[in-house]
Amino acid sequence: MTLYRIGELAKAAHTSERTIDYYTKLGLIAPESRSVKNYRLYSHETLVALERINQLKQEKYTLDEIKSMMSKWNAATSENDVSDRLAELELQMQRLEREVKALEPVISGLKPVQARRALAALLPQGVACMEAIKLLLTQGPPM
């Protein structure tokens, strides 16, 4: 397992050592262990957490909100809960597939301008949703 000292972590995360100190004091991140010389050592998961924090900050979440979200994400979820949720998502996808097939006659009856407008309105959300599901299903568990 790769462990980073604070300076190495700051460089890898494109942030400052002060920021890492601040996030550690707030409890957003925590060192994995300490070195013989008492340096804080952070894991690769901390680097991933920093990337997630930066993304959430760009989305205008406060640090308190981010801390709350991260504590929920870090809570252990049983394999059964995940399997149940994935099964629910699969059923929802099948239902949506049936609904789309039911709309095919309506869609084929649209004028080209109407079809382009409908597609332009639906495409960004649909693609984002499909990409998110694809990522969830193809990505292995975090290491």
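Me: Which residues is T24 in contact with, leaving aside its neighbours within four places in sequence?
Reply: In this predicted model, T24 is in contact with I29, P31, R40 and Y42, where contact means heavy atoms within 4.5 Å. Local features need pLDDT of at least 70 and side-chain atom pairs pLDDT 80 or more, while totals for chains, interfaces and linings use all residues. Residues are numbered from 1 along each chain as its sequence is written, and side-chain values use heavy atoms, leaving out hydrogens and water.

Me: What makes T24 count as buried?
Reply: T24 has a relative accessible area of 18%. Buried means under 20%, exposed over 50% and partly exposed in between, with a 1.4 Å probe and protein chains only, so T24 is buried.

Me: Which side chain does T24 join in a polar contact?
Reply: That of Y42, at 2.9 Å. The term asks for a pair of N or O atoms within 3.5 Å, one able to donate a hydrogen and the other to accept it within protein; residues adjacent in sequence count only if both atoms are side-chain atoms. T24 itself lies in helix α2, residues 17-26 (helices are DSSP runs of H or I, at least four residues, and strands of E, at least two, numbered from the N terminus).

Me: Why is α1 called oblique to α3?
Reply: The axes of α1 (residues 6-13) and α3 (residues 44-58) cross at roughly 45° and come within 10 Å. Axes are lines fitted to C-alpha atoms, for helices over the stretch in contact, with angles from 0 to 180 degrees between N-to-C directions. Under 35 degrees is roughly parallel, over 145 roughly antiparallel, 65 to 115 roughly perpendicular and the rest oblique, so α1 is oblique to α3. The residues making the contact are L9, A12 and A13 of α1 and T46, L47, L50 and N54 of α3.

Me: How do you know whether T46 is buried or exposed?
Reply: T46, found in helix α3, has 6% relative accessibility and therefore counts as buried. Not counting residues up to four places away in sequence, T46 touches L9, I29 and A30.

Me: What makes α3 and α4 oblique to each other?
Reply: Their axes are 10 Å apart and the packing angle is about 135°, so the pair is oblique. A49, R52, I53, L56 and K57 of α3 make the contact with L63, I66, M69, M70 and W73 of α4. Here too, α3 passes α4 in a right-handed crossing.

Me: Why is K60 called exposed?
Reply: K60 has a relative accessible area of 72%, and therefore counts as exposed. It sits in the loop between α3 and α4 (63-74), with a positive phi of about 75° although it is not a glycine.

Me: Where does N38 lie?
Reply: N38 is in the loop between β2 (33-34) and β3 (40-43). Its phi is near 70°, a positive value in a residue other than glycine.

Me: What makes M130 count as exposed?
Reply: Its relative accessibility is 54%, so M130 is exposed. M130 lies in helix α6, residues 112-138. M130 and M93 are 37 residues apart in sequence, with 10.0 Å between their C-alpha atoms.

Me: Which residues does the annotation "domain: HTH merR-type" cover?
Reply: The unreviewed UniProt entry gives residues 3-72; positions follow the numbering used here, feature names are shortened, and annotations may be inferred rather than shown by experiment. In the model this span is 61% helix and 13% strand, and its end C-alpha atoms lie 24 Å apart.

Key:
A crossing is left-handed if the near helix is turned anticlockwise from the far one by less than a right angle, and right-handed if clockwise.
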